[in-house]
Structure formats: structure tokens, C-alpha cells
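Please go through the briefing below with the structure open beside you.

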Amino acid sequence: MSTYLVEGGSPLDGSVEIHGAKNSVLPILAAALLAPGECVIHNCPRLSDVEASLAILRHLGCAARREGEAVVVDASSPTRYDVPDELMREMRSSVIFLGAVLGRMGRASLCAPGGCELGPRPIDLHLAAIRGLGGRITETENGLLCAGRLRGADLVLSLPSVGATENAMLAAVCADGGTSSSSGARGRGIVDLQSFLCALGARVRGAGSSVITIEGGVPLHGASHTVMGDRIVACTYLTAAAAAGGHVEVTGVDWRTLSTVTAVLTEAGCAVRSQPGRIELTCRSPLRGVRPIRTAPYPGFPTDAQAPLMAALCRGSGCTVFVENMFESRYRHVDELCRMGADIRVEGRVAVVYGVPRLHGARVRAFDLRGGAALVVAALGAEGQTQVEGLHHIDRGYQCLEGDLSALGAQISREAGKL
Ligand code: UD1
């Protein structure tokens with residue numbers, strides 16, 4: 001079990017190129033299964049969730065190899081329709097293979113997905129979408145068995161679920177006839193998925209708005225695609241500079257996708273400059289509390305940015321109220337931040353952060369991906385050394401957090417086998 005050792009107190013300074021977005025690349029890798037040809041996916045980050053997706057593709061009979069920053073997938077002749085339990089349980093996004101496997105193979109067999117424990121994460125909307133397209137789903141003790149000829153339909157999902165919308169898109173591309181999917185989910189991963197599906201020859205429109213239309217049954221072919229930059233990774237480095245002080249530039253990310261976060265950082269006292277393809281943040285004085293932050297579906301304040309921003313706001317003046325509207329158990333980082341001297345009170349979906357003048361190093365544990373990144377953010381602004389355990393959570397979404405932060409001047413190292 002490896003740990004991060006973070007020596008806090010060094011201001012950050014420099015520029016970092018943001019890697020491809022986890023939430024884009026995972027559905028895109030599933031979509032590669034639909035095309036009977038070779039797909040080259042550029043800017044494909046080296047993440048454990050990406051490795052799990054590649055392992056699923058190989059198990060299904062596809063060839064998948066890495067070539068530098070790209071991944072090449074050849075789904076000319078998949079042979080299987082089952083996803084092994086151990087791969088399903090590795091990550092939440094494995095459920096995205098439901099639509100892709102059923103669409104390509106005519107049936108699918110998989111168990112319930114794993115992923116971050118953020119409270120109950122039902123898949124009812126994914127199943128409703130597949131059923132709406134004519135998929136027959138049998139829920140067994142061991143998982144799901146799906147079969148059936150897919151037909152286009154007018155789908156209305158009762159919540160703006162990113163994953164269920166993506167699953168519906170993958171299945172609908174393979175269905176006979178047209179589909180309209182109305183869910184209100186407008187996340188950036190959906191837009192990137194649409195671009196990739198269109199590159200494969202599919203006819204998909206409307207991603208980024210609340211209704212997506214798909215003309216199913218169009219023959220697909222291989223294609224290449226570049227994954228968009230990860231806005232949550234960018235947000236993590238911006239909040240790190242807000243916590244530790246200094247000046248950081250992030251490049252390779254669309255600033256418009258982070259405007260809710262940069263507005264809060266500005267209100268907290270940082271100077272933020274956003275331009276196409278880059279965001280710069282300068283922080284020279286302690287942060288101050290900001291107006292209540294309520295997480296919401298895109299384009300609202302991202303739930304994935306809640307923990308890193310909270311970590312930055314722990315040190316400073318004033319108080320900030322967070323309302324977590326997306327997931328029930330998304331405050332598991334709070335107790336760990338309190339070990340470092342933070343003053344945070346949680347009641348249900350609400351967390352109140354009272355800024356303190358200083359944080360101190362402690363031994364803390366990551367319980368989920370963004371909560372883990374938040375502990376690193378807090379540690380960078382704390383006095384003394386922090387040991388962060390549970391790095392496997394962080395490795396799901398950050399290609400090399402310690403490398404990027406070291407390049408910005410942070411004192412952070414990964415120690416193997418400390419536990
Ligand atoms: C995606 C992102 C995740 C982000 C989340 C919300 C990926 C790989 N992950 O997760 O980083 O935090 O969007 O922006 O893209 N829900 C149901 N039933 C379902 C599906 C979802 O009730 O069948 C609920 C969820 O519990 C949650 C809400 O809908 O409260 C939104 O979840 P969803 O958008 O589906 O999140 P994910 O796609 O899992």
C-alpha cells in the first residue's frame with residue numbers, strides 16, 4: 001500500500017497541461033466496441049479506470065493496446081458478451097458497457113458496478129433506458145442478463161443522469177430507427193461521447209442540450225478522436241494553488257466548463273484569468289468564506305469539485321456552507337480534514353466550513369477519488385508533514401498527481417509499501 005508524503009507550506013508556481021478526462025474516456029472506450037474497425041483514442045490518460053476498461057474490451061475479444069498518449073482499440077470481431085465480476089466491480093463506469101455490449105452483441109451479462117462509495121448509486125435509470133429501447137433485462141442473484149432486438153424510442157429519464165444518458169446513446173446507436181433521449185443531463189462527457197460516435201459514422205445530435213436525438217442502425221467504422229481535457233483535474237490544481245498560495249496555469253481545458261468553480265475561487269480572494277484553452281490563478285493572501293455552494297448537474301457547480309474546494313476553504317477567514325445535492329455520502333473527507341485542524345460541521349447534505357488560520361500535517365486516508373485529492377490539496381497548505389493513505393482511489397482519476405504537483409514546486413512524494 002503506497003502513501004503520499006506531503007510537506008506543506010511551499011507556494012506553487014508553474015504551468016501544467018491537463019490530461020484527458022476520465023469521465024469522457026470511459027464511455028468513449030465502451031463506444032469503441034460498437035465500431036467494426038480500429039479506433040485511435042488520443043489524450044487517453046493512464047488511469048486505473050482506463051486499464052479496467054481496456055481489460056473489459058480485451059475480455060470481450062477486442063485488441064487494445066497503448067501507443068504513447070493514445071490507445072488503439074480494434075473491435076473487428078468481439079467474441080463474448082459477458083463482463084467478468086471482478087472488472088465490473090473495479091469502477092462505476094463499467095455499467096456503461098451494458099448499452100455497448102447489448103448493442104454490439106445482441107445480449108449482455110454483467111453484475112452490479114463498483115466505483116466510489118458515495119452512498120446508494122442505483123442503476124435504475126440505465127435499466128429503464130435499455131428497457132425503453134426494447135432490451136429485455138433479467139435481474140438474477142449474480143447480476144443482469146440482457147437480450148433483445150433494440151428499437152428506437154422516445155426516452156424520458158426522470159433525473160439528469162450522465163451515465164444513463166450515455167448508456168442510452170450507445171444502445172440507441174445500434175437500435176433500429178430513431179431515438180430521442182430527454183434527461184436534462186448536459187455533462188461534458190456526453191458531448192465528447194457524441195463527437196466520438198459521430199466520428200464513427202453515427203448520427204447523433206443534441207448533446208449539451210437536454211434532448212439528444214439518434215438515428216440508429218447506421219453502419220459504423222473505425223475513427224480517431226482526441227479526448228477533451230479533464231476539468232476536475234484542472235480544478236484540483238487551481239484549488240491546490242488557492243490552498244498553498246502561488247501562481248498556477250492549467251492548459252488544455254475549456255475554461256467555460258469551470259466557470260462556476262473559478263467564480264467561487266475569485267469570490268474567495270484569488271485572481272483568476274480565463275482564456276480559451278487556459279486558466280491562470282494567483283493567490284497571495286488567505287482565502288475568505290464565500291456564498292453557499294450547492295452542487296448540481298452540469299452546468300451547475302460540479303459535485304466532483306466540492307471536496308477539493310472545501311479543502312482549500314478550510315484555511316482562511318469566514319465561513320462557507322456547502323450543500324451536496326448529487327450524492328448522499330460525499331463528505332467522507334470531512335473527518336480527515338478535521339484531523340488536520342479544519343473546523344467543519346456536517347448535517348445531512350449540508351457542511352459548514354469555518355475557516356481556521358492554519359492546518360497541520362496528520363495521517364489521513366482517502367475514501368474516494370475526489371475526497372482523496374482534497375486531502376492532498378489541504379496538505380499542501382498545511383504546516384508540517386501529511387501522510388495520505390488510500391492512493392488507489394486517487395489513481396482512478398489522476399494520471400500522476402505527485403508528478404504534476406512536484407513540477408509546480410510542491411513537496412510531495414509517493415512512498416511504496418509504508419503500511
Ligand atoms: C457521473 C460522473 C461523476 C459525477 C456524476 C455527477 C462519470 C464516469 N462519472 O457519474 O464523476 O460525480 O456524473 O455529475 O461520468 N441516479 C439514479 N439512478 C440511476 C443513475 C443515477 O438515481 O440509474 C442518480 C444518482 O444517484 C445521482 C444522480 O442520479 O444522485 C446523478 O448521477 P449520474 O449523473 O448518473 O452520475 P454518474 O454517471 O454515476
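H19 touches N43, P45, L47, M228, G229, D230, V233, G397, Y398 and Q399, leaving out residues up to four places away in sequence (touching, or contact, means heavy atoms within 4.5 Å). This is a predicted model: local features need pLDDT of at least 70, side-chain atom pairs count only at pLDDT 80 or more, and totals for chains, interfaces and linings use all residues. Residues are numbered from 1 along each chain as its sequence is written, and side-chain values use heavy atoms, with hydrogens and water left out.

- H19 sits in the loop between β2 (12-17) and α1. Helices (H or I, at least four residues) and strands (E, at least two) are DSSP runs, numbered from the N terminus.
- H19 counts as buried, at 7% relative accessibility. Buried means under 20% relative accessible area, exposed over 50%, and partly exposed in between, with a 1.4 Å probe and protein chains only.
- A polar side-chain atom of H19 lies 3.1 Å from the backbone nitrogen of Q399.
- N43, one of the residues that H19 touches, is in the loop between β3 (38-42) and α2 (48-59).
- N43 is not a glycine, yet its phi is positive, about 55°. N43 is partly exposed, with a relative accessible area of 23%.

**Two domains**

- The domain assignment of the chain gives domain 1 (2-18 + 229-416) and domain 2 (22-226). Such bounds come from an automatic or database domain assignment.
- The centres of domain 1 and domain 2, taken over C-alpha atoms, are 30 Å apart.
- Across the boundary, 22 residues of domain 1 are in contact with 21 residues of domain 2.
- R396 is in the loop between α13 (391-394) and α14 (401-407). R396 counts as buried, at 9% relative accessibility.
- R396 and R46 are 350 residues apart in sequence, but 9.0 Å apart in space, C-alpha to C-alpha.

**The ligand site**

- The ligand is surrounded by 19 residues, and the closest are D124, S161, V162, D304 and M326. A residue is near a molecule or strand if one of its heavy atoms lies within 4 Å of it.
- Both domains take part: the shell draws at least three residues from each of domain 1 and domain 2.
- By class, the shell holds eight nonpolar, six polar and five charged residues. Ala, Val, Leu, Ile, Met, Phe, Trp, Tyr, Cys and Pro count as nonpolar, Asp, Glu, Lys and Arg as charged, and the others, Gly among them, as polar.
- A polar backbone atom of P122 is 3.1 Å from an oxygen atom of the ligand.
- A polar side-chain atom of S161 lies 2.6 Å from a ligand oxygen atom.
- A polar backbone atom of M326 is 2.5 Å from a ligand oxygen atom.
- The protein covers 85% of the 740 Å² of accessible area that the ligand has on its own. Accessible areas come from the Shrake-Rupley method with a 1.4 Å probe; for residues, only the protein chains shown count as cover.
- The elements giving two or more residues to the shell are α5 (124-132), α6 (162-174) and α10. The largest share, three residues, comes from α5.

**Helix α4**

- Seven of the nine residues of α4 (residues 97-105) are buried, so this helix is largely enclosed by the rest of the structure.
- The buried residues are F97, L98, G99, A100, V101, L102 and G103.
- Their cover includes α1 (22-32), α2, β6 (107-110), α5, β8 (143-147) and α6.
- After α4 comes G106, with a positive phi near 85°.

**E249 and its partner**

- E249 is in strand β14 (residues 246-251). E249 is buried, with a relative accessible area of 15%.
- The side chains of E249 and R278 make a polar contact at 2.7 Å. A polar contact is a pair of N or O atoms within 3.5 Å; within protein, one must be able to donate a hydrogen and the other to accept it, and residues adjacent in sequence count only if both atoms are side-chain atoms.
- Leaving aside neighbours within four places in sequence, E249 is in contact with G14, S15, V16, R278, I279 and E280.

**A cis peptide bond**

- The peptide bond from Y298 to P299 is cis, with omega near 10°.
- P299 lies in the loop between β18 (293-294) and α10 (303-313).
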